[in-house]
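Hi,

Here is the structure I promised you. Please open it and follow along with the notes below.

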Amino acid sequence: MTTEVKPEKDFTAIIAAAGRSRRYGSPKLLEVVPGQGLRLIEKVISQLLEAGVAHVVTVLGPSGQPPYNEIGRLAEKAGSTVVYVDPHPPEMIDSVKAGLRHYQAHLKHLPVKADHLLVMPADLPGISSTYISKLMYESSLRKEQLVRGLTGAGRGVHPVAISSGLIEKIVESPMPHGLKSLWDDSLINRHEFLWDKPDVAHDLDFPQDWKNFTENR
């Protein structure tokens with residue numbers, strides 16, 4: 001059984017939440033999580049904070065534009081800083097870059113900052129504070145630049161931990177394949193650990209994904 005370990009240094013988590021939910025058909029981050037009375041964006045942030053993340057940065061599309069105005073209001077209420085990006089970030093990696101720029105401008109010089117940042121999409125209904133705690137623990141012990149959990153089926157789990165030394169590379173490089181470009185780069189070292197609870201890897205692309213998730217609750 002995994003025990004949550006509170007981090008000794010301050011971790012920052014960047015949530016890329018500027019997606020348009022086109023395939024989903026409605027704003028998926030406003031879905032109500034069964035049995036919890038929380039919208040999905042609130043649950044994601046609450047799990048990060050429960051695990052001991054010190055700073056949560058949620059990146060959204062243009063301020064005042066639905067549904068980002070409502071998602072932003074909920075995110076701030078839940079304890080996250082919100083960064084609105086206008087024009088709308090075309091890809092998830094562009095949201096990540098906006099979050100990293102915010103980190104560079106406002107959080108980079110914190111006295112007790114961790115060597116890694118947590119980066120993730122927002123559509124993770126199965127997100128777990130226990131996994132997040134484990135990720136922070138693993139990355140605090142490792143020198144590798146990338147750290148993540150893998151399910152027994154070999155699927156990567158979010159969030160992932162990225163060394164602060166990679167920020168400039170991510171922000172300044174084209175990154176045509178998003179963060180996958182980092183994992184495919186043989187020159188970047190990484191550490192992966194087994195996480196045997198596959199629910200944390202469940203994301204939402206289509207309405208059926210939400211149905212599949214909620215039916216198992």
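The axes of helix 1 (residues 40-51) and helix 4 (residues 129-141) come within 8 Å of each other and cross at roughly 50°. Axes here are lines fitted to C-alpha atoms, for helices over the stretch in contact, and angles run from 0 to 180 degrees between N-to-C directions. Helices are DSSP runs of H or I with at least four residues, numbered from the N terminus.

This is a predicted model: local features need pLDDT of at least 70, side-chain atom pairs count only at pLDDT 80 or more, and totals for chains, interfaces and linings use all residues. Residues are numbered from 1 along each chain as its sequence is written, and side-chain values use heavy atoms, with hydrogens and water left out.

Back to the first pair. Helix 1 and helix 4 are therefore oblique to each other (under 35 degrees is roughly parallel, over 145 roughly antiparallel, 65 to 115 roughly perpendicular, the rest oblique). Their crossing is right-handed (the near helix is turned clockwise from the far one by less than a right angle). On helix 1, Gln-47, Leu-48, Glu-50 and Ala-51 make the contact (heavy atoms within 4.5 Å). Their partners in helix 4 are Ser-129, Ile-132, Ser-133 and Met-136.

Now the second pair. Helix 2 spans residues 68-78, and its axis comes within 9 Å of that of helix 1, crossing at roughly 25°. That makes the two helices roughly parallel. This crossing is right-handed. Ile-41, Glu-42, Ile-45 and Leu-49 of helix 1 meet Ile-71, Leu-74, Ala-75 and Ala-78 of helix 2.

Best wishes
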